[in-house]
Amino acid sequence: MQGFCIMNALNPKEHPMHTAHTYILKPGQWKVKGNFYDANGRSMPITGNVGITHTDEQWINDSQMTLHTPGPLNFGNIYEIEPALPGVESTIWETEHNALGLIIGTLLIMEDCLIMSYTAEGGLYIGSETLLYVNDDTYRSFGVMWQGDQKISSWCADVNRVTAA
């Protein structure tokens, strides 16, 4: 049974070094459903769709989300990811965010986790997201964005594959 990332690190003989990840590393369509938390800890439902496509030059993560507030807020980003080289556990990505500007990040592939960290242009905003592999069709996402030492937002969501490309 796959366990949480820290458990894999503590029991390396029981878990393979790399899970055969299906999110980001393979093309497909995904649905997202979870909770978004603002700076004050107020919870709001969030849903969305993610399309992952691959070319020889880049992988594209096209994410479209809806934050279910009294007046629903729709937002999206297109993440351009440098394809990970065979045997290399990390790669880089970037996106142009409407409010934050250019965001540059890294993606680490570690056991049953995909760990992303990022910085907005100028370093004012930083954040991270961990996607925990549950099975080929399901991941659990946990993330946070910071401005200095102040939490701006956080989230926890299920990411479920709808179709494989």
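Modeller: Let's start with a term: a residue counts as buried when its relative accessible area is under 20%. Keep in mind that this is a predicted model.

Biologist: Thanks! With that cut-off, what share of the 165 residues of the protein counts as buried?

Modeller: Here 38% of them do. As for the surface, the protein exposes about 9,300 Å², and carbon and sulfur atoms supply 57% of that area.

Biologist: Which elements make up the protein, and how do they run from the N terminus on?

Modeller: You will find 1 helix and 10 strands.

Biologist: How should I read the strands, then?

Modeller: Here is the general idea: in a regular strand the side chains alternate between the two faces of the sheet. Now for a case in this structure. Strand S10 covers residues 150-164, and it pairs with strand S1, residues 28-37, in the antiparallel sense over 10 bridges. Within that pairing, Phe 36 stands opposite Trp 155 of S10.

Biologist: Which strand do 10 bridges join to S10 in the hairpin?

Modeller: That is S9, residues 138-147, and S9 and S10 run antiparallel. Thr 138 stands opposite Asn 160 in S10. The hairpin of S9 and S10 has 2 residues between the strands, and Gly 148 takes a positive phi near 65° there.

Biologist: And what percentage of contacts between residues at least 6 apart in sequence join residues at least 24 apart?

Modeller: For this protein, 35% of those contacts do.

Terms used. Residues are numbered from 1 along each chain as its sequence is written. This is a predicted model: local features need pLDDT of at least 70, side-chain atom pairs count only at pLDDT 80 or more; totals for chains, interfaces and linings use all residues. Side-chain values use heavy atoms; hydrogens and water are left out. Two strands pair if DSSP finds at least two bridges between them. Helices (H or I, at least four residues) and strands (E, at least two) are DSSP runs, numbered from the N terminus. Buried means under 20% relative accessible area, exposed over 50%, partly exposed in between (1.4 Å probe, protein chains only). Contact means heavy atoms within 4.5 Å. Accessible areas come from the Shrake-Rupley method with a 1.4 Å probe; for residues, only the protein chains shown count as cover.
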